Amino acid sequence: MLDDRKITTYNPQEAFQRLLTIMDDLRAGCPWDMKQTHESLRHLTIEEVYELADAILDKDMEEVKKELGDIMLHLVFYAKIASETNDFTITDVLNGICDKIISRHPHIYGDVTVKDEEEVKRNWEQLKLKEGNKSVLEGVPVSLPALVKASRIQEKARGVGFDWEEKHQVWEKVEEEMAEFRAEFNEDKPIDKEKAEAEFGDLLFSLINYARFLDINAEDALEKTNKKFIKRFQYLESKAKENGQNLKDMTLAEMDVYWNEAKKL
């Protein structure tokens with residue numbers, strides 16, 4: 001180990017080179033790091049991205065900084081492994097993204113004029129089609145969680161003009177889908193689970209669409225509600241334990257007392 005790696009003051013170029021050098025050391029000398037492959041790192045990278053997402057929602061900037069570092073390490077790790085098989089290097093990765101960003105921003109690096117953010121998005125999708133994409137939806141990863149995927153699909157479609165014009169039209173669609181979902185639970189007929197599931201999916205998709213028109217990120221909104229529920233439920237658990245009660249033996253009315261207390265915190 002070089003002594004100067006303990007120095008904590010670096011400019012961006014030096015700091016990045018420091019990370020690359022450390023990765024070389026790990027890959028050459030650490031038994032765990034030497035064994036890793038792109039495939040073995042994949043699930044760990046996904047975990048790191050979710051941890052970053054949690055830190056962002058919690059507005060914990062110290063944690064955001066830490067998680068960004070973890071993700072940066074993973075990016076360098078992937079590039080290092082690829083360089084060993086002569087597939088690509090970190091330099092190729094960086095030049096590739098720089099070239100792509102420059103080509104996708106002709107209003108910055110060319111003579112194209114745009115009037116607003118929406119026009120930038122439309123141009124972006126058109127440029128991707130010119131680059132060889134057969135569909136504007138090709139850029140939506142197959143493995144995205146369904147809620148996030150729905151939002152991205154809708155955003156991509158909007159980028160080429162396939163969208164509602166007014167938010168009241170979107171809300172009317174929500175009400176239409178709600179009515180169709182409720183119709184599947186008519187007491188005069190047995191429930192067709194497959195049909196009900198399809199209608200519920202349509203309802204969720206339309207609600208996500210309406211949230212987009214209100215500039216609400218559906219994924220963030222739901223996760224904040226998850227966190228809120230967890231906080232309140234854990235308060236309920238702690239109060240029950242404090243009073244020698246077991247949740248399984250409590251009535252819903254008894255639990256609601258603690259729940260309502262939690263809502264006031």
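In this predicted model, the side chains of Glu84 and Arg27 come together in a salt bridge, with 2.9 Å from N to O. Glu84 sits in helix H4 and Arg27 in helix H1 (residues 12-29), so the pair ties together parts that lie 57 residues apart in sequence. This bridge is one of 15 salt bridges in the structure.

Helix H4 also has a packing partner. Helix H3 (residues 38-57) and helix H4 (residues 61-84) pack with their axes 9 Å apart, at an angle of about 160°. With an angle over 145° counting as roughly antiparallel, H3 and H4 are therefore roughly antiparallel to each other. Their crossing is left-handed. On the H3 side, the contact runs through His38, Leu41, Arg42, Leu44, Thr45, Glu48, Val49, Glu51, Leu52, Ala55 and Ile56. H4 answers with Glu63, Val64, Glu67, Leu68, Asp70, Ile71, His74, Phe77, Tyr78, Ile81 and Ala82. Sorted by class, the residues of this H3 and H4 contact come out as 13 nonpolar, six charged and three polar.

In one of them, helix H8 (residues 146-159) packs against helix H11 (residues 218-242) at about 155°, their axes 9 Å apart. That angle makes H8 roughly antiparallel to H11. The contact brings Leu147, Val148 and Ser151 of H8 up against Ala218, Glu219 and Leu222 of H11. Four of these residues are nonpolar, one is polar and one is charged.

The other pair involves helix H7 (residues 117-130), whose axis comes within 8 Å of that of H8, the two crossing at roughly 90°. H7 is therefore roughly perpendicular to H8. Here H7 contributes Glu118, Lys121, Arg122, Glu125 and Lys128, which meet Lys156, Arg158 and Gly159 in H8. The make-up by class is seven charged residues, one polar and no nonpolar.

As for the overall layout, the protein chain splits into domain 1 (4-103), domain 2 (137-216) and domain 3 (221-263). The centres of domain 2 and domain 3, taken over C-alpha atoms, are 31 Å from each other.

Conventions
Residues numbered from 1 in each chain as written. Predicted model: local features only at pLDDT ≥ 70, side-chain atom pairs only at ≥ 80, totals over all residues. Heavy atoms only, no water. Domains from an automatic or database assignment. Axes fitted to C-alpha atoms, helices over the stretch in contact; angles between N-to-C directions. Helix = DSSP H or I, 4+ residues; strand = E, 2+ residues; numbered from the N terminus. Parallel < 35°, antiparallel > 145°, perpendicular 65-115°, else oblique. Left-handed = near helix turned anticlockwise from the far one by under 90°. Contact = heavy atoms within 4.5 Å. Nonpolar A, V, L, I, M, F, W, Y, C, P; charged D, E, K, R; others polar. Salt bridge = Lys/Arg side-chain N within 4 Å of Asp/Glu carboxyl O.
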